[in-house]
Amino acid sequence: MSDAPVDDIRHMARALQLARRGLYSTHPNPRVGCVIVREGEVVGEGWHLRAGEPHAEVHALRQAGERARGATAYVTLEPCSHHGRTPPCADALLQAGVARVVAAMQDPNPQVAGQGLQRLAAAGVAVASGVLEAEARALNPGFIKRMEQGLPYVRVKLAMSLDGRTAMASGESQWITGPAARAAVQRLRARSSVVLSGADTVLTDAARLTVRPDELGLDAEQAALAAGRAPLRVLIDGHLRVPLDAPFFQAGAALVASTGAAASERYAAAGHELLTLGGDDGHVDLRALLVELAARGANEVLVEAGAQLAGAFARQGLVDEYQLFVAACFLGSSARPLLELPLERMAEARALKIADIRAVGDDWLIVARPVTR
């Protein structure tokens, strides 16, 4: 809604700012913020903290109290209209006597999908939608994709040298980038529902794929929220090569995707889950895995893997976004490439749209997304 009143834009921007406080903690719910304004004065603010706890509107209404009557509520996502783990927010707004509700976007959840705004309008509340919608959608790409397509939003994180290499020929790859980039990766993990890797990376790097709160570079409140919700760690290990005494498994419960389930009881006894998802090519069916993760509520999946597995996600068109950390060094022509993506003609080149480039300490971060044709 490009012609929205300036005040609507200003208050919605504040609601989005509040919603971002839930970046690390709302899984599997969306991040939502709410601002209640009466006669030009902000009388209530709120944001969703965790699934099962009150939604942003409820927190804002509690703060506003009787001052919510006749006020305008700015919400980054359409108020829910169904009973889930909490009562409908549309009903709470009606009971509080709010006169107007402005939503940044409609809820993509089929259980809502416009019904919340319709319920409010039918009760005489003035409603509007579309104020800073692009910004609202950017805050919840995984929730939106899961609701609309039954798939999570997939980010592939890669660290490379200036000559596009990710590891030495031996496989040595740790610490290409500096501390600031490593902290940024920790934040990517913390915001994700799932952190996923392959057997080669876990074996070569002794990777744990955990979130380390002291390395996040966040304030105490956000670090505590991130520490309180660990993402599900997923290992793609088609032939079960990673031993159960590896650091990855010692770091806590994990999900292993394999092509066979012969050892499922052994993994269960160790506190892990073995999922059989063999594809026709003899490898783990990556799309089927993503569908399963979405069914479990996964919104955002972070892939931290080597050239082979990252390339498989790319070849199958399963990547929504690349997070490319570029270190100021050369690894040489014998080092390993960024992706195993065999292309023979320029016409086969995979086009990307660069969404962001910025310095991260002594390194650079390039955020790029595949161009759909």
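The side chains of Glu300 and Arg31 meet in a salt bridge, with 2.7 Å from N to O. A salt bridge here is a side-chain nitrogen of Lys or Arg within 4 Å of a carboxyl oxygen of Asp or Glu. Side chains of opposite charge can pair when their charged atoms come close. This is a predicted model, in which local features need pLDDT of at least 70 and side-chain atom pairs count only at pLDDT 80 or more, while totals for chains, interfaces and linings use all residues. Residues are numbered from 1 along each chain as its sequence is written, and side-chain values use heavy atoms, with hydrogens and water left out.

The structure holds 19 salt bridges. Another one of them joins Arg100 and Asp8, also described by table values below. Arg100 is in strand β4 (residues 100–103) and Asp8 in helix α1 (residues 6–19), 92 residues apart. Helices (H or I, at least four residues) and strands (E, at least two) are DSSP runs, numbered from the N terminus.

| Salt bridge | N to O distance |
|---|---|
| Glu300 and Arg31 | 2.7 Å |
| Arg100 and Asp8 | 2.7 Å |

The chain is divided into domain 1 (6–140) and domain 2 (150–370), with bounds from an automatic or database domain assignment. Their C-alpha centres lie 34 Å apart. Contact between them, meaning heavy atoms within 4.5 Å, takes 13 residues from domain 1 and 14 residues from domain 2. The buried area is about 1100 Å², of which carbon and sulfur atoms give 51%. This is the accessible area (1.4 Å probe) that two parts lose on being put together, summed over both. Tyr24, His27 and Arg31 supply 59% of the area that domain 1 buries against domain 2, more than any other three residues. Between the domains the count is 1 salt bridge.

An open sheet is formed by 9 strands in the order β11-β10-β9-β8-β12-β6-β13-β16-β15, with mixed pairing. Two strands pair if DSSP finds at least two bridges between them. At the edges, β11 (273–276) and β15 (352–360) each pair on one side only. Strand β10 (residues 255–258) runs parallel to β11 and is joined to it by 4 bridges; Val256 has Leu274 in β11 as its bridge partner.

Helix α12 (residues 286–295) lies across β6, β8, β9, β10, β11 and β12, at about 165° to β9. Axes are lines fitted to C-alpha atoms, for helices over the stretch in contact, and angles run from 0 to 180 degrees between N-to-C directions.
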